[in-house]
Amino acid sequence: MYDEADINSDAVILCAANAYEQKYYLNENFSSLPQAIKDELQIMCVLYTAEIGGIFSLQYDEDGNLYMNVVAEEDDFSFDEIGSALKIKALQNEKRDLLESLEKYYRAVILHQTDDIEM
């Protein structure tokens, strides 16, 4: 798990919330996640964008590392950059177990890398 990262186009989006369109997206490839996990992801993403603004997403890189990515429109003067960094640090601490479990899930179920995974 890393801070705001500039993810390449090969990244796989787990979920995202958009403050501009007031929409939430969950990648259909992750529909097999338990409903409680899907609900927690939605709450986390939507609350982030309600508080900070912009577009917030959780994305996997090609190795299965989970990143929090934030994008704000250039003319969005209400976007809170400092609050964004603080909120991401807080989410990393508060949701550490969830985020680590999602990385393990992705590596096992999507990448089929079960050798290095402790369940």
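**Exercise 1. State which elements cover the buried residues of helix 3, and list those buried residues.**

Solution. The cover over the buried residues of helix 3 includes strand 1 (12-18), helix 1 (35-51), strand 3, strand 4 and helix 2. Helices (H or I, at least four residues) and strands (E, at least two) are DSSP runs, numbered from the N terminus. The model is a predicted one, in which local features need pLDDT of at least 70 and side-chain atom pairs count only at pLDDT 80 or more, while totals for chains, interfaces and linings use all residues. Residues are numbered from 1 along each chain as its sequence is written, and side-chain values use heavy atoms, with hydrogens and water left out.

The residues of helix 3 that are buried are Leu-98, Leu-99, Leu-102, Glu-103, Tyr-105, Tyr-106, Arg-107 and Ala-108. Here buried means under 20% relative accessible area, exposed over 50%, and partly exposed in between (1.4 Å probe, protein chains only).

Next, consider the span of helix 3 (residues 96-110): its 15 residues reach 20 Å from the first C-alpha to the last, close to the 21 Å expected at 1.5 Å a residue. The expected span is 1.5 Å times one less than the number of residues. Just after helix 3, His-112 takes a positive phi of about 60°.

**Exercise 2. Describe the order of the strands in the sheet and the packing of helix 2 on the sheet.**

Solution. Begin with the inventory: the protein chain has three helices and four strands, arranged from the N terminus as β-β-α-β-β-α-α.

The four strands form an open sheet, with order 2-1-3-4 and antiparallel pairing. Strands pair if DSSP finds at least two bridges between them. Strand 2 (23-26) and strand 4 (66-71) are at the edges with a single partner strand each, so one side of each lacks a neighbour in the sheet. From one strand to the next, the twist averages 15°.

Ser-57 stands opposite Asn-69 in strand 4. Helix 2 (residues 81-94) packs on the sheet, touching strand 3 and strand 4, and its direction makes about 160° with that of strand 4. Axes are lines fitted to C-alpha atoms, for helices over the stretch in contact, and angles run from 0 to 180 degrees between N-to-C directions.

**Exercise 3. Identify the residues with the most contacts inside the largest nonpolar core, and characterise the surroundings of Tyr-48.**

Solution. The largest nonpolar core contains 24 residues, and Leu-14, Leu-41, Tyr-48, Phe-56, Leu-58 and Leu-102 have the most contacts inside it. Such a core is a set of buried Ala, Val, Leu, Ile, Met, Phe, Trp, Tyr and Cys residues joined through side-chain atoms within 4.5 Å. Helix 3 gives the most to this core, with five residues.

Tyr-48 lies in helix 1 and is buried, with a relative accessible area of 0%. Leaving aside neighbours within four places in sequence, Tyr-48 is in contact (heavy atoms within 4.5 Å) with Gly-53, Phe-56, Val-70, Phe-79, Ser-84, Lys-87, Ile-88 and Leu-91.

**Exercise 4. Determine where the pLDDT is below 50.**

Solution. The chain averages a pLDDT of 89, and 88% of the residues score at least 70; pLDDT is the predictor's confidence in each residue, from 0 to 100. The pLDDT is below 50 over residues 1-7, a stretch with 26 contacts in the model beyond near neighbours in sequence. Where pLDDT is low, predicted coordinates should not be read in detail.
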